[in-house]
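Colleague: I have a few questions about this model. Can we go through it together, starting with the pocket?

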Amino acid sequence: MILPAIKIKLRFDYVGKAKSSKLFGNKNPEQLADDARQHKVTMMRNVPVQGISIDDIDMSQDIYSLIDDITGKKVAYAPVVITFYADSIEDAIKFIVKEEFRTVEIIEPDELTLSKSDMEKLLFRISLELSEYREYLFRKVDTWK
């Protein structure tokens, strides 16, 4: 039996932090956030992901700024709302474990039923994606040292 695709709407907020550089000039956090958003959206549009079909990408929300409670510096966020079809809930997990992830809404179907086997696959996929993300963070921290 072939199950229908799952239609999901996710929101990502791409961050922009001010960097001071004498060689390359200074970009404000809003511009950095917008640049990050543009880059990520271009990647989503041009790099296919197995089991995922992008339906819509909405970048119309305004960039907003906050003061980072640790550094005390201004940080900007550029929101993007992505609507896509996933062949399975497992395929959507790779988007949900990203650090930019903020919200999720399952649009279709109204109800999902997971068998024992489906639930095991889902939990395995979550574990795998979190392990890969942890490795990415370790590599990122090592480059700061």
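Modeller: The largest pocket is lined by 37 residues, and K40, K98, E99, E100 and Y136 lie nearest its centre. A pocket here is an open set of points on a 1 Å grid over the protein atoms alone, where a 1.4 Å probe fits, with protein on both sides within 12 Å along at least five of seven lines; lining residues have an atom within 4 Å of a point.

Colleague: What sort of model is this?

Modeller: This is a predicted model, where local features need pLDDT of at least 70 and side-chain atom pairs count only at pLDDT 80 or more, while totals for chains, interfaces and linings use all residues. Residues are numbered from 1 along each chain as its sequence is written, and side-chain values use heavy atoms, with hydrogens and water left out.

Colleague: Back to the largest pocket: what volume does it have?

Modeller: About 1,300 Å³, taken as the space filled by probe spheres set on the points, with grid points joined across faces, edges and corners.

Colleague: Which element gives the most to the lining?

Modeller: α3 does, with eight residues. Helices (H or I, at least four residues) and strands (E, at least two) are DSSP runs, numbered from the N terminus.

Colleague: How many of the lining residues are charged?

Modeller: 13 are charged, besides 22 nonpolar and two polar. Asp, Glu, Lys and Arg count as charged, Ala, Val, Leu, Ile, Met, Phe, Trp, Tyr, Cys and Pro as nonpolar, and the others, Gly among them, as polar.

Colleague: New topic, the strands. In which sense do β1 and β4 pair?

Modeller: Antiparallel, over 12 bridges; strands pair if DSSP finds at least two bridges between them. In that pairing, K17 stands opposite V75 in β4. β1 also runs antiparallel to β5 (residues 101-108), with six bridges, and I8 stands opposite I106 there.

Colleague: Which residues have the most contacts inside the largest nonpolar core?

Modeller: I8, F12, I82 and F84, in a core of 19 residues. Such a core is a set of buried Ala, Val, Leu, Ile, Met, Phe, Trp, Tyr and Cys residues joined through side-chain atoms within 4.5 Å. β1 gives the most to this core, with five residues.

Technical notes: Buried < 20%, exposed > 50% of the residue type's maximum accessible area, 1.4 Å probe, protein only.
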